[in-house]
Structure formats: structure tokens, C-alpha cells
Amino acid sequence: MMVAALRCAKSGHDLLPEYNKFVREKRSVLKLGNGVLRSHFAKGRNAKQALRAYDRYAVSLANRYGAGSGDLSECKHMKLLVTAAVQSDSRLTSLVDIAQQHALSPELPGGRCGIVMASKGQP
């Protein structure tokens, strides 16, 4: 979202206040999600390899989604995404739901993460 917010700001659609609010208010859930990703990349690697793999993945996501992808290429759609994220409760599953609603399902190298989370409407 950060790259998209910066891109949109340069095109006259300032999402940075909403993005910054999201980061401030959801810091703990963002840290949790980041930890899940880091754990995924740590499997079978030493610390340096894991960090390098994680960094490559994070940069690829920023490049893929920050440059625009499908409906999110328009800043008005990114605004809907950021607004939904800000208004969500502070649960990781809520952010996963929002990502899925916006057709954001990036693939992880080595397959899906082994951690399963229940989502709304699921046990």
C-alpha cells in the first residue's frame, strides 16, 4: 500500500493520510502478519538467507501492487482498499479478508504458508 499511496499522491490523489493512519492504528496486526511471513521464509534457511528471501518477496509485492494491478491501478480503488483497512478491526483475518475482497492473493515462493487462520463465517 505504501508504494501505491506514494504513486497516487504524485498523480493528485493523496492517500498518504489514510495510509499513515492505517499503519499507526494497525501496527500490532501488521507486525503479527510480518512475523508470519518471516517465519515462512525462515524454514530451511539460515538467518541471512531468510532475510534475503523475505526482502526479495516484499520488494516484489511492492513492485507488483504499487505499480497498479487490475482495478487497483486506479487510485480511487486503492482509496477503497485503504479505507477498508483503516476501518477494519485489528485482527489479521480481517486484513486477509480485505485483501481477498480486492483480489489480492500473492503467491509465496515454496507454496502457501503453513499457518491457517479462520476467517469470518468460518470455524
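Asp97 is found in helix 6; helices (H or I, at least four residues) and strands (E, at least two) are DSSP runs, numbered from the N terminus. This is a predicted model, in which local features need pLDDT of at least 70 and side-chain atom pairs count only at pLDDT 80 or more, while totals for chains, interfaces and linings use all residues. Residues are numbered from 1 along each chain as its sequence is written, and side-chain values use heavy atoms, with hydrogens and water left out.

Is Asp97 buried or exposed? With a relative accessible area of 11%, Asp97 is buried. Here buried means under 20% relative accessible area, exposed means over 50%, and partly exposed lies in between (1.4 Å probe, protein chains only). The C-alpha atom of Asp97 is separated by 9.8 Å from that of Ala85, and the two residues are 12 apart along the chain.

Helix 6 spans residues 92-101, and its buried residues are Leu92, Thr93, Ser94, Leu95, Asp97 and Ile98. Which elements cover them? The cover includes helix 2 (16-25), helix 3 (27-42) and helix 5 (75-87). After helix 6 comes Ala103, which has a positive phi, near 60°.

Rings of Phe, Tyr and Trp (its six-membered ring) pair if their centres lie within 6.5 Å; planes under 30 degrees apart count as stacked, over 60 as edge-to-face and the rest as tilted. One of the pairs is formed by Phe41 and Tyr54, edge-to-face, at 6.3 Å centre to centre and with 75° between the planes. Because Phe41 lies in helix 3 and Tyr54 in helix 4 (residues 47-66), this pair ties together parts that are 13 residues apart in sequence. Phe41 is buried, at a relative accessible area of 2%, and Tyr54 also counts as buried, at 12% relative accessibility.

Phe41 pairs with Tyr57 as well: their ring centres are 5.3 Å apart and their planes stand at 45°, so the pair is tilted. Tyr57 lies in helix 4 and Phe41 in helix 3, so this pair ties together parts that are 16 residues apart in sequence. Tyr57 is buried, with a relative accessible area of 8%. Through these ring pairs, Phe41, Tyr54 and Tyr57 are linked into a cluster.

The charged end of Arg38 sits over the ring of Tyr54, 4.3 Å from the ring centre; a charge sits over a ring if NZ of Lys or CZ of Arg is within 6 Å of the ring centre and within 35 degrees of the ring normal.

At the other end of the chain, Val3 lies in helix 1 (residues 2-10). Val3 counts as partly exposed, at 32% relative accessibility. Met2, Val3 and Leu6 form a nonpolar patch on the surface, with about 240 Å² of accessible area together.

For the protein as a whole, the secondary structure comes to six helices and zero strands. Buried residues make up 28% of the 123 residues. The protein exposes about 7,900 Å², of which carbon and sulfur atoms supply 56%; accessible areas come from the Shrake-Rupley method with a 1.4 Å probe, and for residues only the protein chains shown count as cover.

Definitions and conventions: Contact means heavy atoms within 4.5 Å. Patches are made of residues with over 30% relative accessible area and no salt bridge: like charges are joined within 9 Å, nonpolar side chains (Val, Leu, Ile, Met, Phe, Trp, Tyr) within 5 Å. A salt bridge is a side-chain nitrogen of Lys or Arg within 4 Å of a carboxyl oxygen of Asp or Glu.
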